[in-house]
Amino acid sequence: MALQTLDIQRRSATTTPSPGVRQTTEVAKLIDISKCIGCKACQTACMEWNDIRDEVGSNAGTYDNPRDLTENSWTVMRYSEVEVEQGKLEWLIRKDGCMHCADPGCLKACPSPGAIIQHGNGIVDFQQANCIGCGYCIAGCPFNVPRISRKDNKAYKCTLCSDRVGVGMEPACVKTCPTGAIVFGSKTDMIQHAEARIVDLKERGYAKAGLYDPQGVGGTHVMYVLQHADQPELYHGLPRDPAISPMVSLWKGVTKPLMSLGLGLVALAGFFHYVTVGPNEVGDEEEEV
Amino acid sequence: MTNHWVDIKNANVIVIMGGNAAEAHPCGFKWVTEAKAHNKARLIVVDPRFTRSAAVSDYYAPIRPGSDIAFLGGMINYLLTHDKIQHEYVRKYSDATFLVHGDYDFGDGLFSGYDEEKRSYDKTSWSYQKGADGFVLTDETLQNPRCVFNLMKQHYSRYTPEMVSRITGTPKEQFLKVCEMIAETAAPNKTTTFLYALGWTQHSVGSQNIRTMAMIQILLGNMGMAGGGINALRGHSNIQGLTDLGLLSNMLPGYLTLAGEKEQDFAAFLDKRALKPLRPGQMSYWQNYPKFHVSLMKSWYGDAATRENNWCYDWLPKLDKVYDVLQVFELMHQGKMNGYFAQGFNPLASFPDKAKIGAALARLKYLVVIDPLATETSEFWKNFGEFNDVDPSGIQTEVFRLPSTCFAEEEGSLVSSSRVLQWHYKGADAPGEARNDAEIMAGLFLRLREMYRQEGGAFPDAILGTTWPYRIPESPSPEELARELNGKALTDLVDPKDPAKVLAKAGEQLGSFALLRDDGSTASGCWIFSGSWTQAGNLMARRDNADPSGLGNTPDWAYAWPANRRIIYNRASCDPSGKPWDPKRKVIAWNAKEGKWLGMDVPDMRPDAAPEENVGPFIMNPEGVARLFAVDKMAEGPFPEHYEPFETPIDTNPLHPRVVSNPAARVFKGDMDAFGKAAEFPYVGTTYRLTEHFHYWTKHAKLNAILQPEQFVEIGEDLARAKGISAGDRIKVSSNRGHIVAVAVVTKRIRMLDVDGRKVHTVGIPIHWGFKGVARNGYLANTLTPFVGDANTQTPEFKSFLVNIEKA
Amino acid sequence: MQVSRRQFFKICAAGVSSSSLAVMGFSPGTALAQAREYKLSRATETRNTCPYCSVGCGILMYSLGDRSKNAKSEIIHIEGDPDHPVNRGTLCPKGAGLLDFVHSPNRLQYPEVREAGASEWKRISWDDALARIARHMKADRDKNFVARTDDGLTVNRWLTTGFLAASAASNESGYLTHKVVRNLGMLAVDNQARV
């Protein structure tokens with residue numbers, strides 16, 4: 001049961017069942033915010049490993065840069081200056097990015113076969129070759145993570161370095177993290193590690209320290225240790241109870257099979273247009289909107 | 001560092017003050033997080049800003065830039081008045097018991113011997129009382145009012161918590177809380193470690209900032225202990241190495257020093273440096289100075305260096321004063337320099353008062369820039385609009401720009417802050433025609449030598465006489481140079497105790513500096529590196545990361561100077577009887593059965609010096625013990641005293657209004673007038689580095705430019721409100737020397753402080769932008785900084801000066 | 001968000017149809033997913049030390065080619081050395097970005113000179129550059145070298161040319177630099193330790 005097993009467990013928009021006999025270990029990345037110094041080494045290692053470079057932007061009066069996730073920034077630091085206790089300043093810095101939900105809203109929402117897959121170890125990966133750029137994954141994501149590229153009109157996000165994990169290594173951000181705020185291993189081990197960290201934090205006066213592994217999305221394969229687990233919103237609006245949008249659930253659960261029938265004939269023409277001409281081009285004039 | 005990066009994990013309390021380890025040294029800082037995780041350590045951060053180090057601290061206290069001695073002096077007072085010191089350590093391992101010269105005195109901000117005209121001291125009275133036997137007089141009972149301990153107590157009695165708070169702006173309770181936390185480590189089995197960097201050095205009292213902390217470490221008994229020590233977190237990958245190699249105006253390799261011009265007599269030159277013990281039975285290791293010096297001369301001059309010609313003593317240049325960079329740029333500005341080389345160095349951005357630096361460079365005849373990157377210095381003559389508004393046609397300097405290789409394209413060793421020499425290998429060729437620094441230096445030297453050989457010229461002796469034993473003279477290899485640094489036997493070295501035994505045969509690499517001799521039979525380019533490339537090969541390339549003691553010592557990883565010792569002064573980790581103060585962190589211990597010091601580290605002591613011999617643990621000091629009283633070593637006094645920055649926001653010194661700033665600091669004419677006053681420039685400016693960037697290099701690297709693309713300054717919410725500034729606005733920051741324009745980051749992390757009855761705001765100025773690079777162009781931050789330095793090292797006062805701000 | 005609202009709905013159309021087609025068994029063969037490939041399998045690994053701060057982190061540099069005669073090495077990736085006792089594989093944002101320092105567009109490629117009063121660089125050969133610089137040095141040194149002071153002290157110093165040494169250069173380069181400049185008689189020598 002190696003961590004690196006990349007058996008595919010689920011594919012978007014595919015009814016053919018995935019092979020399910022082999023039992024693989026679930027992996028997880030644990031981000032301990034109490035140890036994070038917000039150095040952005042993870043952002044750098046992510047861009048470097050994945051051969052992506054965001055734009056050289058500008059400073060908007062904060063340390064956050066790039067300012068948001070993009071197709072070239074699959075992870076960014078979110079800085080929040082808060083005073084939970086009067087007079088005691090805290091600088092909470094959260095590494096934002098894909099949470100690799102056990103029940104991924106993006107995958108559920110994705111209409112393109114095999115564009116989003118979930119590996120047996122829990123990694124949720126986008127397969128750009130199959131992506132049609134519809135953006136449903138964005139609507140389906142309770143954490144607002146995927147981004148569509150203006151260059152190729154395909155969706156991108158953190159892959160949890162499935163290429164590295166696939167050969168038995170840890171993700172690039174995990175390896176580089178100078179303070180060990182990001183650790184990686186089996187989900188069981190990560191939960192255990194988090195428990196020890198929480199004991200330490202409580203001893204240091206953070207009575208509400210806890211683990212963020214939200215059950216609304218079936219738990220996640222990227223988890224946080226929070227000093228104030230009772231107030232996840234403090235961490236740049238980390239959702240308290242994330243869940244897949246009811247619209248996505250509805251679409252997948254009931255509407256889609258019915259609609260599919262109705263749409264079938266109408267769509268054939270569109271399909272052949274798509275496979276011969278390719279996805280709709282995005283006009284420059286629209287990007288200005 | 002006296003200790004090393006991994007050793008930080010052994011500390012109980014970690015104080016980051018005068019530095020920002022999490023941002024400047026993130027991978028070293030991991031050992032702070034390890035200490036917290038596995039040693040239940042507490043992290044304290046004292047800084048004008050709530051930094052990213054503070055973000056993960058257990059306790060943060062704000063402080064006004066430039067008031068650290070007041071804070072630390074107050075801490076000394078706290079430790080003494082609350083009796084929180086390691087008594088036996090202080091009595092046995094420091095000069096607390098030493099009696100001080102009868103004329104030594106301090107009053108109204110000045111020590112005895114001040115000459116106002118010269119802005120310097122006659123230090124005669126800054127000395128110990130000596131007996132008829134030539135040794136220092138002591139009082140083991142600490143009753144004598146003239147003993148160091150009592151003078152120290154008296155000196156710091158003025159630093160009450162109220163006074164500390166009045167000077168530093170640190171609320172009194174916060175100051176006391178920090179004192180309490182640190183005081184707990186006066187227990188023999190507890191340690192504090194202080195991590196500092198430029199936040200302490202870049203002041204007109206920089207050296208004394210560090211000394212004050214060193215005194216605290218002695219009082220707490222933390223020197224030599226695992227998890228203790230004095231840990232300067234050095235800035236560049238080989239800044240430690242270049243310091244070790246003596247690439248400073250007044251130095252030679254291995255902390256040997258150049259002679260002053262008055263030192264015409266070679267024997268007297270050596271005698272002054274071969275320090276005799278001040279107490280009976282002490283090692284005073286510098287007694288070996290002649291061995292190190294002669295071996296260096298043999299390395300440089302080979303057979304030309306003989307006893308008869310004093311090993312070519314005359315060939316070495318003699319100093320009339322120290323030519324530190326401020327002095328050099330002052331001379332350049334006066335038109336007294338003709339040529340200048342910047343090898344991997346960007347002085348236009350790195351030295352204070354950019355306008356003065358640029359004007360000075362413009363007066364040179366020739367400037368040579370050797371660098372892998374296109375630096376601002378190399379284009380100081382070019383117009384970059386508001387960022388560098390000059391007229392090239394008016395600048396007559398001929399500028400040469402030579403491309404050099406970078407780390408990935410070369411082989412060799414670097415010394416980390418832990419004093420570890422680590423070997424690295426080449427991965428690819430450099431772009432275009434770039435050449436390695438050694439090759440460039442060889443190219444210049446061989447051409448010059450040929451010219452002198454053919455044409456003659458001023459004093460060609462040293463140029464013609466320098467050894468150049470390299471297989472390919474135009475390209476000396478790293479291996480050859482590393483072997484030369486280590487040194488070799490020139491003749492068979494016979495054991496002085498046993499003439500039948502040959503310790504090293506002629507031509508063999510030496511195993512350690514203990515083999516060096518002053519009779520010309522050994523050569524070594526840098527004695528402290530001796531042992532790094534022995535007959536066994538290149539020890540700097542060793543890669544065994546085993547940690548047998550569990551204390552993180554990894555003795556077979558690369559090579560640490562001196563003698564592969566990982567914690568220096570480690571004899572002080574044991575009590576006088578040779579037992580570790582804390583058995584849980586045993587570094588070494590006296591083994592009576594074997595009659596030696598044994599342990600996880602190389603003992604910093606004669607290996608067979610039994611405890612009964614009372615050889616003190618500080619073998620590099622002639623006292624054999626640590627100095628709480630600095631005698632004549634410092635320019636401004638034997639005890640650190642709080643002096644205000646040259647640009648002070650409070651116009652006075654609450655301790656002694658008549659002596660405001662460092663009375664012994666050198667200030668050039670003209671620069672005094674360029675100091676601003678608080679009435680016009682009411683805010684404290686302080687420059688610093690961000691974790692996303694490295695000085696002025698990473699703005700050339702796209703990944704880093706993406707992380708922090710644009711120049712900004714940080715101000716507190718109170719100041720922003722008062723000035724009507726919102727986050728993201730562009731603001732103009734001015735000092736008496738110029739201005740910059742940058743984006744405002746408005747933050748809770750910089751607090752307004754109450755200092756001596758005034759409200760003091762700090763303006764934080766990160767330094768990383770300029771007019772070359774792939775990040776957005778910006779102003780060089782040193783446009784603002786004052787041209788004054790520490791009285792001992794001349795390190796510029798970048799950390800505290802006066803500015804004003806307005807919306808741009 | 002990168003997709004405008006209008007755009008979102010527009011591109012949805014294709015998505016809906018293909019999705020639905022898949023459900024009906026039109027799923028194209030290419031829709032099958034596969035694991036990403038690891039890019040370093042046979043790249044050459046070289047050990048080095050980070051050139052930035054003095055933590056002295058061990059790094060692994062990966063280059064294209066296996067060092068065979070016809071392959072020109074090119075660094076393609078740098079990450080931390082897990083065996084290094086201090087960094088244990090980690091790298092800070094500076095170290096993690098080293099690849100872009102190595103390949104910075106601002107790396108200097110060849111020697112250049114900016115003549116007095118000129119407003120541009122001019123490319124020159126190494127030979128010309130070194131010869132011209134050496135000539136400047138000799139002229140200045142011969143003119144301004146002080147062998148003895150007026151009061152007869154032997155000082156053998158050259159004060160009118162100075163040198164700043166690189167604190168990212170190796171010990172070996174630094175040592176050779178010291179050997180050269182000191183034996184020319186220079187005293188105006190410093191390195192970054194001064195600031």
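In chain C, take the contacts with a separation of 6 or more: 36% of them are between residues 24 or more positions apart. This is a predicted model, and everything I say today is computed from it. Chain C has 195 residues, and 57% of them are buried. Its secondary structure comes to five helices and nine strands. Along the sequence the pattern runs α-β-β-β-α-α-β-β-α-β-β-β-α-β.

The domain assignment divides chain C into domain 1, residues 44-102, and domain 2, residues 120-194. Taken over C-alpha atoms, the centres of those two domains of chain C are 33 Å apart.

Next, a sheet in chain C. Three strands form an open sheet in the order β1-β2-β3, with antiparallel pairing. Which strands stand at the edges? They are β1 (44-49) and β3 (74-80) of chain C; each has a single partner strand, so one side of each is left without a neighbour in the sheet. From one strand to the next, the twist averages 30°. As a reminder, the strands of a sheet pair through backbone hydrogen bonds, either parallel or antiparallel. Strand β2 of chain C, residues 58-64, pairs with β3(C) in the antiparallel sense over six bridges. If you want a position to look at, C:I59 stands opposite C:G80 in β3(C).

Now the contact between chains C and B. How many residues of chain C are in contact with chain B? The count is 101, and they touch 135 residues of chain B. By class, the chain C side of that contact has 49 nonpolar, 33 polar and 19 charged residues.

Staying with both chains, consider helix α13 of chain B, residues 325-333. Why can we call α13(B) largely enclosed by the rest of the structure? Because eight of its nine residues are buried, and here buried means that 20 or more other C-beta atoms lie within 10 Å of the residue's own. The buried ones are B:V325, B:L326, B:Q327, B:V328, B:F329, B:E330, B:M332 and B:H333. What covers them comes from both chains: the cover includes β12 (339-343) and α15 (354-361) of chain B, together with β8 (161-165) and β9 (189-191) of chain C. After α13(B) comes B:G335, with a positive phi near 80°.

On to the domains of chain B. The assignment gives domain 1 (325-413 + 429-465), domain 2 (576-614) and domain 3 (683-807). The centres of domain 1 and domain 3 of chain B, taken over C-alpha atoms, are separated by 28 Å. Between these two domains of chain B, 18 residues of domain 1 are in contact with 21 residues of domain 3. On the domain 1 side, α14 (347-350) and α15 of chain B each supply at least two residues. Which element gives the most to that side? It is α15(B), with three residues. By class, the domain 1 side that touches domain 3 of chain B has 10 nonpolar, three polar and five charged residues.

In soluble globular proteins, nonpolar side chains tend to be buried together. In this model the largest nonpolar core has 388 residues, and those touching the most other members are B:I14, B:V148, B:Y196, B:I715, B:V733 and B:A744. Leaving aside its neighbours within four places in sequence, B:V148 is in contact with B:D95, B:A96, B:F98, B:V100, B:L628 and B:F629.

B:Y196 belongs to strand β8 of chain B. That strand covers residues 192-196, and five of its five residues are buried. In a regular strand the side chains alternate between the two faces of the sheet. In β8(B), B:T192, B:F194 and B:Y196 point one way, while B:T193 and B:L195 point the other way. β8(B) has two parallel pairings to mention. With β1 of chain B, residues 13-17, the pairing runs over four bridges, and B:V13 has B:T192 as its bridge partner. With β9 of chain B, residues 230-232, β8(B) pairs over three bridges, and B:F194 has B:I230 as its bridge partner.

Definitions and conventions:
Residues numbered from 1 in each chain as written. Chains lettered and ligands numbered in written order. Predicted model: local features only at pLDDT ≥ 70, side-chain atom pairs only at ≥ 80, totals over all residues. Buried ≥ 20, exposed ≤ 12 C-beta atoms within 10 Å, placed from the backbone. Contact = placed C-beta atoms within 7 Å. Nonpolar A, V, L, I, M, F, W, Y, C, P; charged D, E, K, R; others polar. Domains from an automatic or database assignment. Pairing = 2+ DSSP bridges. Axes fitted to C-alpha atoms, helices over the stretch in contact; angles between N-to-C directions. Core = buried A, V, L, I, M, F, W, Y, C linked by C-beta atoms within 7 Å.
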